[in-house]
Amino acid sequence: MVSVINTVDTSHEDMIHDAQMDYYGTRLATCSSDRSVKIFDVRNGGQILIADLRGHEGPVWQVAWAHPMYGNILASCSYDRKVIIWKEENGTWEKTHEHTGHDSSVNSVCWAPHDYGLILACGSSDGAISLLTYTGEGQWDVKKINNAHTIGCNAVSWAPAVVPGSLIDQPSGQKPNYIKKFASGGCDNLIKLWKEEEDGQWKEEQKLEAHSDWVRDVAWAPSIGLPTSTIASCSQDGRVFVWTCDDASSNTWSPKLLHKFNDVVWHVSWSITANILAVSGGDNKVTLWKESVDGQWVCISDVNKGQGSVSASVTESQQNEQ
Amino acid sequence: MKLKEVDRTAMQAWSPAQNHPIYLATGTSAQQLDATFSTNASLEIFELDLSDPSLDMKSCATFSSSHRYHKLIWGPHKMDSKGNISGVLIAGGENGNIILYDPSKIIAGDKEVVIAQNDKHTGPVRALDVNIFQTNLVASGANESEIYIWDLNNFATPMTPGAKTQPLEDISCIAWNRQVQHILASASPSGRATVWDLRKNEPIIKVSDHNNRMHCSGLAWHPEVATQMVLASEDDRLPVVQVWDLRFASTPLRVLENHARGILAIAWSMADPELLLSCGKDAKILCSNPNTGEVLYELPTNTQWCFDIQWCPRNPAVLSAASFDGRISVYSIMGGSTDGLRQKQADKLSSSFGNLDPFGTGQPLPPLQIPQQAAQHSIVLPLKKPPKWIRRPIGASFSFGGKLVTFENVKVQSQQGAELQQHVFISQVVTEKEFLSRSDQLQQVVQSQGFVNYCQKKIDASQSDFEKNVWSFLKVNFEDDSRGKYLQLLGYSKEDLGKKIALALNKVDGPNVHIKEEKQESEFLPSAGGPFNISISGDIDGLITQALLTGNFESAVDLCLHDNRMADAIILAIAGGQELLARTQKKYFAKSQSKITRLITAVVMKNWKEIVESCDLKNWREALAAVLTYAKPDEFSALCDLLGTRLESEGDSLLQTQACLCYICAGNVEKLVACWTKAQDGNNPLSLQDLIEKVVILRKAVQLTQAMDTNTVGVLLAEKMSQYANLLAAQGSIAAALAFLPESTNQPNIVQLRDRLRRAQGEPVPGQESPQVPYERQQLPKGRPGPIADHTQIPRVPTQQYYPHGENPPPPGFLMHGNVNPNVAAAQLSTSPGHMHTQVPPYPQPQPYQPVQQYSFGTGGSATYRPQQPAAPSASNAYPNTPYIPSAPSYSGQSQLYAAQHQVSPPTSSPTASLPPLPSSGASFQHGGPGAPPSSAYALPPGTTGTLPAASELPASQRTENQSVQDQANMLEGPQNGWNDPPALNRVPKKKKMPENFMPPVPITSPIMNPMGDPQSQMLQQPSAPGPLSNQASFPQPHLSGGQPSFHGLQQPLGQPGMPPSFSKPNIEGAPGGPIGNTIQHVQALPAEKITKKPIPDDANKRLEFLYDKLREQTLSPTIINGLHNIARSIETRNYSEGLTIHTHIVSTSNFSETSAFMPVLKVVLTQANKLGV
């Protein structure tokens, strides 16, 4: 049920820290402690190195693809305190912007839903979150939330673009009145939800407390048309929580412990249909989780990358029986 | 970066890693006095609350102690995993005592906080360490080489690791090995370090520097390498940290000489072995990599010495340092800005001293040796190298199509040693196998058309009766006599009924057979005749007789009714004509009260609506059966629908589901979807599969039986289908997802999904990765002085640029999918504009990103071609079924708006193309110069219609000739389509219907980023989807005078005035004398040879032949025909200028697409003729 269809030898000279596919799933961007960002064309099981991007002076932690409606754009963040936005122009990738507004390692970058325009959120070890908004003419507007997380912000993740009320209510032709929100997780063990006020300032809307150690990653689930909002978070404490908010107006979030792992959990990622959560743990294991009919999260498989085989767990067969 | 600060002169201990929240315990240090000279001692616990941005630490508890401490550690003994018991605080006192405190009791404020106490040591206890493997084991070191191992479970009697080392000396440091639990090391100020093996109960190795200047102030084991440890020297002459490896214990492995004066304390990070903290008498706190000796970080501190330094076990980026100025500071090594942090106010600092005035001098003591710090660095840089704990070693992220991208950094042992494998794996995640296999089956069925079998299988496999019913109903759709079979399914078999009736008739005449009976009677009566008397008596009979005899049927019937002789009345009424019969029937029904009267009423009156509307819902089966039996084909669907709607809205939940059956009979897919969705859990892939199976089959059935245009997809169905496609895509079945995605819808999300799927399939991106969306251009609107006039168009822009263009420009390209007939294509093309604009834009986005530049780049093109929009109706008219016509004008209106905004076209156009911008544009491209303004309107006499001769009237020879010429004319389209291409004369001819060539352009004027992309080849590739052609047909730079090359195709022929010769070709002269033939003749009769000596190029010929074809096919509108007649007339009279004026009028009033192919040439001919005065 999980089968390796392509193995990409990145030839990075040091640890890989992130690997992300573009919107179509045809290109792969990787980044590494060797300070480089690489882009591969991985269509049809191949691997063609398209670009080897140099520009960072420290390990590169994360990469993020912008929506293709803005062109081929990739953002990367690094320990060198910089965020670089790369862009493909006439077939070649080049640096198009460098953001140097952070005082410490920038640990996470995430593009806002394309509906808002080109907006990038960056979380840094200096505790701040900065928001870069493209204003045209190669200009980026910067807003900064200082002290978002003391000792550092480890992850940022945007809420899907949902218009309050129904889409139908929107007067046609006008820009829908989106409420922009994102979640962040940090070394203060907190998950914070941020909301853009009407005056364009960002305000902390909510603090989600459940983790007892650094929050390593947060992932806001894609919207599948239901009123429920869902956020997954993972932590140094080995716990993975799934937070849900059924009623946007009351804005109460309730956590459900997905699992307590024995080691740090580094990364959580939702499937596009928001029904499967991939959890990457410090024990070098990736597990996939799915919510069962009775609302419990069950592990449906371990992903054993190296051998390209998969050991389906007991829970999976249970699933099939259901 | 400093996080917190406490003013204490104290030893410090962090709570164990397991503990949450993080506490810091401080115990007043021995042998140090602060400015109060107080000898009081206390044990305090603070909480590290990082969510509080202030520098203050939250004090949790203070316990006044009688002891002062040399060493304080916090062990996790007896802590459970939840950290409910917060371990044990172990303190080393001045008088050889070791005291165990219960921190939880201290925090709780208990008085009895001491767990146990033992003063076995003879001198101050300076060294303490907890075994990390057995946390009940504590090692302590004091004077006289005393080392004890304490078991916290049995605290009374300590053990010794072996015989005391000689000579006797202080034990200043002690440390358990981090890898091997029975190994312990101790060190003394003399510089000697001893390693003990507790299993052997003796020292196993002694480490000492030969120069004897080491003065050990710190000892620490390597967190990961069992044989390595570091020793720090307090001696100013040798302020070093030595790294020893016991495998080679004769000399230090490495010596770190980073401090200028003696080192007072060290701490090795458990989280990252490359981080060793050291603080010295040079007032520096350094973080170095003991494995390389490199200094990674120097903490910004004040100039005070620190005598104790500790990593926070739980938060690896945090450390605390106790300095001699009576302060414990908590730092982060990750750097950051202190701007946001509230610095402790200076006045607060001094005021704290103000209270401490031990001498009563009234003068607060100045802080010792504290030069006020220079301007505080607001920015503190982090470590030079990233600490291990922020280096993410693993990750798995989902991407489109159910793909999972994973990487891990596993060291693989190879011959070269450990190597990192830098591989990224892309995996396919499939979680819904059953869903996929069922979807496969469905697809196969659709392809193989084996619907009946499929339905039968489904019936056999059905779990519930309802499911069975639904499938049976669906199956019937594909069988003959579907209505009869529906009836059977409802329990009304004709054969059965016949038998039953026969039975009933044989027995007694029951009420059941009322109708039959009546009929039979009425049949029998006349035949049972014979001689009879005509009574004319005064009774009713007589009156009836009289009435009949006088032909007064009405009265006779009334009389019969009055006498309750219903049968007679009815029979008479039949004779009396339709009207009377109807009235009589009504009266009869009014009188009759039988149970089944209403049914009979409905049957006779054919008023099924009444039945459906008013029947008891319990009898829905009967109602449905009646409808199935009687309803006329044209009202059948509506009635089923109505019944379904009633069931759905009025019935209970059971009946609601039955409504599905009615919708199946009605063939109403959209309502079936709605009804089904209501009843089912929509999120489960399998239930969605259930629905989609039924819907797909029903759609096929409807296609077969009702010949309806099922390409129209309702909103709800479209949503379900795209949900389904999304699910398929998420399982990696991208091809299947594409197959199921509705084709003829313009709902933005579906259009987007389709594009994404196609790209995800790995189709080569057109134009070689060249940015379809030059977003530099997107920005231009901002810089342009001209504000965007109307916001409504903005949403369209992103769509345009977003969809890939090139070999298969999406909007039309999508039509290539599956079996597309021109009908649909036309419909789609004409409809898409409207939809595009009236629906939610696919990518609403803020104005700044509108790529107006792109537009202005192609503005001329789009503007020039906009006038084609009105062609949509005409094209659609060829296929009257298409329901889309209305939407086209709305779009063309928009386009006009757009064009006007760019000031390229005259603003005089109305949506219906009465005066589209064509004249100017057309003129401009003919002359290659600025467009001539359209001439004023001409009132031409309305032309006679029906004067067009059929093509067959033309001689066959000419027809064939024309055919070939027409082919060439098609080629002539080439230059138009790709302005930059020189006219390739030998393009493959296409034999297509004209309307196809003039398909209205797609709404999205694809940004002509790739105009060089060979449109001709595309033309050939996609003969059935002409959309792309017209799409491409926008002239990229018609307004650029520099774009001359692109004009060659047309200009050359124009410049060479010799085109008319072909007009006088003899074979054309043979055209019949019909009006059109005349026109042609007139035109052809132009003495072109006189105009020029050069041979006329083929293009003009082709264009004209194109016109002839049009004329023959009678596809031109009467107005144009009229105009052409007028032109012909003016040519006859050599009045070319009048001809030109008429020409202009035609162009300005007619449909551009209709005329664009030949009018320019006509104009050229006229102009030339006029110039030359032939």
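Two strands are taken to pair if DSSP finds at least two bridges between them, where strands (E, at least two residues) and helices (H or I, at least four residues) are DSSP runs numbered from the N terminus. The structure is a predicted model, in which local features need pLDDT of at least 70 and side-chain atom pairs count only at pLDDT 80 or more, while totals for chains, interfaces and linings use all residues. Residues are numbered from 1 along each chain as its sequence is written, chains are lettered from A and ligands numbered from 1 in the order in which they are written, and side-chain values use heavy atoms, with hydrogens and water left out.

In chain A, four strands form an open sheet with antiparallel pairing in the order β10-β11-β12-β13. The edges are held by β10 (106–111) and β13 (139–145) of chain A, each of which has a single partner strand, so one side of each is left without a neighbour in the sheet. On average, neighbouring strands of this sheet are turned by 20° against each other, direction ignored, the axes being lines fitted to C-alpha atoms, for helices over the stretch in contact, with angles that run from 0 to 180 degrees between N-to-C directions. The antiparallel strands β10(A) and β11 (residues 119–124) of chain A are joined by five bridges, and A:Leu120 in β11(A) is the bridge partner of A:Trp111.

Side chains of opposite charge can pair when their charged atoms come close. Over all chains, the structure holds 33 salt bridges, a salt bridge being a side-chain nitrogen of Lys or Arg within 4 Å of a carboxyl oxygen of Asp or Glu. One of them joins B:Arg438 to B:Glu693, with the closest N and O atoms 3.0 Å apart. Because B:Arg438 lies in helix α3 (residues 433–448) and B:Glu693 in helix α19 (residues 685–706) of chain B, this pair ties together parts that are 255 residues apart in sequence. Both B:Arg438 and B:Glu693 are buried, buried meaning under 20% relative accessible area, exposed over 50% and partly exposed in between (1.4 Å probe, protein chains only).

In chain A, a salt bridge with an N to O distance of 3.4 Å is formed by A:Lys181 and A:Glu205. A:Lys181 lies in strand β15 (residues 181–186) and A:Glu205 in strand β17 (residues 202–209) of chain A, so parts 24 residues apart in sequence are tied together. A:Lys181 counts as buried at 16% relative accessibility, whereas A:Glu205, at 26%, is partly exposed.
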